[in-house]
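Below is a short report on the model shown here.

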Amino acid sequence: MSLLAVRNLVIDYAETRALDGADLDLARGETLGLVGESGSGKSTLGSAVGRLLPTTARRTEGEVLVAGEPVFDLPAREVRKLRKKHLGFVFQDPIASLDPTMRVGNQLRLVLGRGGDVRFHLGRVKLDDPRVLRAYPHQLSGGMAQRVAIAMAMATSPELLVADEPTAALDTQVREEVLNVVFSLAADAGTSILWLSHDLPAVARRCDQVAVMYGGRVVERGPAREVLGRPVHPYTAALAGSAPAAAGHGVRLEPVPGRPPVLTGPSPGCAFAPRCAFAEERCDHERPQPVLVREQEVLCHRAAELSEAETPREVTA
Ligand SMILES: Nc1ncnc2c1ncn2[C@@H]1O[C@H](COP(=O)(O)OP(=O)(O)O)[C@@H](O)[C@H]1O
Ligand code: SF4
Ligand SMILES: [Mg+2]
């Protein structure tokens, strides 16, 4: 059984359709990078895992199963229990995710409960300076605050850590240190990671699996090395360029020509069609269904023929 299974998830914010039938699976102990341009639905999907969506969001269809439990169909009390038992979250802005009125040590004590060793947990994220315990969040640097947030999220050894671009606001060196902390702590604890990211080379280096989002759907997923090294979906190919795994750390996704869609309802066909150099007539009005190519699951009508290309394709839409 998957630790996390997302099935045909549709989430609407008033007039905006943020997820348009997203599917995802994550096994225990695995790391999965969820990538895609801004607005593709990564944060909505990440928050949906813990039913942490804003009150304006509505689950219109589909389900999210965490350890087999249907997150959206549980009473609120059960969801809180499930979060506590299985899940940890870190977000992009660490200072906003901490309580500004409480010293760091006290916040950690609240999470750990009586008997919890605060220094041990700060030591695990390489924060050994005792002054950190007495500091308020605004007195910490971004990198330190993110380590505190990671220490809190990992203190209970969750089975799944959802990390929503936790390093996006940090500079390159600090980013690498924070990533080392997250991935080594998770590996030691057997924690799975769902890592939402713009940083494709880092995902290629760190994650077992990758899922590429476009227009609120996961359009290609599979082993990271395969998907990014030999992409099948034209959007993945455009994102990945020719050799993402070889690119330097911190290189951002190359912008794909054209604009991503803002959906107001179900996409009638493939949401990538207006930007796709391979689009044909049916792409505008037939929704692609998953096709298995090697170990990759691809949402593209032309997946089978495009996969026969030996080298990754450059896409110029
Ligand atoms: N709180 C919100 N209210 C209204 N629309 C939202 C909200 N959050 C996200 N959206 C919209 O949902 C879509 C997906 O956004 P998001 O999940 O934040 O994507 P990503 O994390 O990939 O940038 C976008 O069109 C975005 O504008
Ligand atoms: S379904 Fe059509 S438009 Fe969409 S990616 Fe495939 S070829 Fe391009
Ligand atoms: Mg986001």
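Strand 7 (residues 160-164) and strand 8 (residues 192-197) run parallel and are joined by five bridges. Strands here are DSSP E runs of at least two residues, and helices are H or I runs of at least four, numbered from the N terminus. Two strands pair if DSSP finds at least two bridges between them. Asp 164 has Leu 196 in strand 8 as its bridge partner. Helix 7 (residues 142-154) packs on the sheet and touches strand 6 and strand 7. The direction of helix 7 makes about 170° with that of strand 6. Contact requires C-beta atoms, placed from the backbone, within 7 Å. Axes are lines fitted to C-alpha atoms, for helices over the stretch in contact, and angles run from 0 to 180 degrees between N-to-C directions.

The sheet is open and has eight strands in the order 6-7-8-3-9-10-12-11, with mixed pairing. Strand 6 (87-90) and strand 11 stand at the edges. Each has a single partner strand, so one side of each is left without a neighbour in the sheet. Neighbouring strands are turned by 20° against each other on average, direction ignored.

## Basis of the model

The model is predicted: local features need pLDDT of at least 70, side-chain atom pairs count only at pLDDT 80 or more, and totals for chains, interfaces and linings use all residues. Residues are numbered from 1 along each chain as its sequence is written, while chains are lettered from A and ligands numbered from 1 in the order in which they are written.

A second open sheet has four strands in the order 2-1-4-5, and its pairing is antiparallel. Strand 2 and strand 5 (69-70) are the edge strands. Each has a single partner strand, so one side of each lacks a neighbour in the sheet. Helix 1 packs on this sheet and touches strand 1, strand 2 and strand 4 (57-66). The direction of helix 1 makes about 120° with that of strand 1.

Strand 1 (residues 4-13) pairs with strand 2 over eight bridges, in the antiparallel sense. Ala 5 has Asp 25 in strand 2 as its bridge partner. Strand 2 is mostly covered, with eight of its eleven residues buried. Buried means 20 or more other C-beta atoms within 10 Å of a residue's own, exposed means 12 or fewer, and partly exposed lies in between; C-beta atoms are placed from the backbone.

## Ligand shells

Which residues come nearest to ligand 1? Of the 14 around it, they are Tyr 13, Ala 18, Lys 42, Ser 43 and Thr 44. A residue is near if its C-beta atom, placed from the backbone, lies within 6 Å. Strand 2 (16-26) and helix 1 (42-49) are the elements that give two or more residues to this shell. Helix 1 gives the largest share, three residues. The shell around ligand 1 holds four nonpolar, nine polar and one charged. Ala, Val, Leu, Ile, Met, Phe, Trp, Tyr, Cys and Pro count as nonpolar, Asp, Glu, Lys and Arg as charged, and the others, Gly among them, as polar.

Ligand 2 has 13 residues around it, and Cys 270, Cys 276, Ala 279, Cys 283 and Cys 300 come nearest. This shell divides into ten nonpolar, two polar and one charged.

## Positive phi in loops

Lys 126 has phi near 65°, a positive value in a residue other than glycine. Lys 126 sits in the loop between helix 5 (118-124) and helix 6 (131-134). Lys 126 counts as partly exposed because it has 14 C-beta neighbours inside 10 Å.

Arg 294 has positive phi near 50°. Arg 294 lies in the loop between strand 11 (291-293) and strand 12 (296-298). With 13 other C-beta atoms within 10 Å, Arg 294 is partly exposed.

Methods
Contact = placed C-beta atoms within 7 Å.
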